[in-house]
Structures are given as C-alpha cells and as structure tokens.
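Here is a short briefing on one structure.

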Amino acid sequence: MKLIHTSKLASYASALQALNEDGRLRRMRPRAGIDFVSNDYLALANAPRMKKAIWTALDAGTPIGAGGSRLLRGNCEEHEKLETEAARFFGADAALFFGSGYVANFSVLTTLPQRGDLLVLDSLVHASIHEGARAGRADFRISRHNDPLSVESRIRDWRAKGGRGRVWIVAESLYSMDGDFGPLEDLVEIADRHDAFVMVDEAHATGVYGQLGRGLTAPYEGRENLVVVHTCGKALGAVGALVTASGVLADFMVNRCRPFIFATAPSPLMAVAVREALMILQDEPERQERLSKLVAFTHQQMRLRGERNTSCSQIIPYIIGDNIRAMRLASALQARGFDIRGIRPPTVPAGTARLRISLTLNVGEAHVRAMLDALNEQARGWSR
Ligand SMILES: Cc1ncc(COP(=O)(O)O)c(C=O)c1O
C-alpha cells in the first residue's frame, strides 16, 4: 500500500493499514475463473431472453434513463407494468420497484415503522437492514439468530418496560452468509399473537424457492401485516428490488419514503429486464429444478467427502475462522481457476471468516466435483 503522509489523509491511511494488518483490507478484483461466487443463481444475468427484451424495448423507444423521480416525469409505463406483474406474480396487493435491495430495505425501515414502535432484528440480517433500523424512528433490539423464543422475549421485555407501539419482526428467508432458512412460520405466528408486522428480506430465495420461484413468503403473501423485499440483482439476473405489501402501505411509501420520492427512478430498461425475468420463472421452471438438483448433488458430494456442511441451500459457508487463512485459501482456489471469495468480519461475525461458496446454473456437476477436489487438496493439513 502506498504510504500517504499528508495530515488530511493520515487517519484514513492508518485505518487502511490497520485493516491490512488484521487481514481485512478489501480490494476489488476483476472477475475471472469458474463462478462459485455470484448470486446469479438461475444464470439469467446473461440469458438471451433477457437481452432480447432489452433490445426490443430500446427499439421501441424505451429511454435509458427515467429522467426524474417516480412522482415527477420519471414514472414510466415500464415501471408500472413491472409492478402490476410483480404484485400478481407474488400474490401481493401491491409492489413498488426500487433501485437496489439495499435501498429497498433501508427505505422500508426508515418509512413504515414509526416513533414508539419496536423493530426486532435477527442478529444475522443484512447490513442494509441494520442501517435502516439505525436511521429510522423506531427502537430496535437484536434477537438471537433463528430463535423465535428470543424474538418473543425481546417483545415481552420491551412491553414490560412500557413499549406501547407496533412491533416489526425483521428476518431473512434465506441467510446470505450461512445458507440457512429463517423460521417464517414461527415468526408469522408470533406476529399474529402480538399484533405485529413481519418484514422479510427474500434476497437469496426469490426465484430459487417457492412455487415457480415466488419465494418462501409465498404462503403468507396478501396478509396485511407482511412486507417483503424481493431483490432483482440475484436470481432475477438484473438489478433493483420489488417491495410487496398491502396497497395502503405501498401508498404510504409513495407519499413518505424519501429514497423513493427524492431520487431518479430506476432505468425503465431495468424494469423491462426484471419483468422478463418474472416471465422466465413462469415459462422455464426447469431452471429452478436444475438448481435444486445441483444443490442436492453438491451437498451429497460434501457428505461423501466427510466435509462439515451446515447449509441447506445454494449458499455454502466453508468456515475457516482466521481472516488471513480464509483469504489465502480463497487465493489458492482462484489460482486454480475457481472464483471463490473469502468473507471476513464485519460481514460475518468475528472469528468466522469463511469461503462463501455459491451454486448457480453457471456451473455443472463436473465443475462442482473439480472445485471440491481442489478445496480438499488445498485445505488438507489445515485445522479448520
Ligand atoms: C440479504 C440481502 N439483502 C439485501 C441485499 C442488497 O441487495 P442489492 O444487492 O440488490 O442491493 C443483499 C445483497 O448482498 C443481501 O444479501
């Protein structure tokens, strides 16, 4: 790292130096190697049908930029068509399209929960949810990961101390770094018992789980106490997020949500791409089936090789613990042609640095076998 001596930059430089010494300095790398890292679960990011939809829209005169916010000139027919289709597809009253999942989570949490309300966040929810909770008006507490009893005890403690407002239970349906599922049925039951709302981030489940990829919240969609964030940059192969909710909450967001009101609307071309992705989910259910077979194959191969694997899904954490060793193992696999990345704190809890192995339709069984062989050879002799 280049040493910077000017006083204005010294504190930034020394923070970077400290990260480097702790094995946590982040750098962007070009994409290279066989994809065991992306969230392009259904291989839609490069699908000919997605590209054709964009070309056709361009030919028909769809602009690249929306040219304004949704409440002004930026509200395009493509956004409205996407939202109508998304509400129908997911079985919700209404859907709103945001520029990213990060912004959608932040937006919901800074708009819907009110002063005097309580948010109960699972300890492993995404950074955007923590940021939304911190920036919002409601109180918040953290519950133990995937522990409904802990959620309920946070609610009871808060009520016992005089909390009077509405409770919002916030969870993911599939956790992005551990690959385990949230206990949605229990959370919905707790919400009903406490007259609470449930907000579910479906980032890694949309397109992959549920009938035709409607996600794991599909059985509960249409309930007035449910808000769901379906991101579009992962299995849907595009970018953005669809927030599904009751019509009243969607209208409230349109009127009060600052990132929705005071930002240029997402590109109408992206709305076209996301709508096409929803069509592909319905026309080509074999993508979902192929991914599910690849996931089952990989888990079975790991079992046969005696690898410890706590995941139930396409996201497989390979815990190393130490930051530097995790990054070294990732580099060794990259040098052998596998694009696998190390994930370190604060993205994951301290002491749990890991490889995050992601399965997508960009690879087949032969790739998986070769990757597991390489992983086994590289990791052999290391105590994990
Ligand atoms: C669980 C979860 N929620 C939200 C996001 C943010 O979504 P986006 O990448 O669309 O901003 C991510 C992205 O990594 C995620 O993993």
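Which strands does helix H7 lie across? Helix H7 (residues 184–193) lies across E5 and strand E6 (197–201), at about 155° to E6. This is a predicted model: local features need pLDDT of at least 70, side-chain atom pairs count only at pLDDT 80 or more, and totals for chains, interfaces and linings use all residues. Residues are numbered from 1 along each chain as its sequence is written, and side-chain values use heavy atoms, without hydrogens and water.

**Terms**
- Helices (H or I, at least four residues) and strands (E, at least two) are DSSP runs, numbered from the N terminus.
- Angles run from 0 to 180 degrees between N-to-C directions, with axes fitted to C-alpha atoms, for helices over the stretch in contact (heavy atoms within 4.5 Å).

**Sheet**
- An open sheet of 7 strands has the order E2-E8-E7-E6-E5-E3-E4, with mixed pairing (at least two DSSP bridges between two strands).
- Strand E2 (94–98) and strand E4 (139–143) are at the edges with a single partner strand each, so one side of each lacks a neighbour in the sheet.
- Strand E3 (residues 118–122) pairs with strand E5 (residues 167–172) in the parallel sense over 4 bridges.
- Leu 118 is opposite Val 167 in E5.
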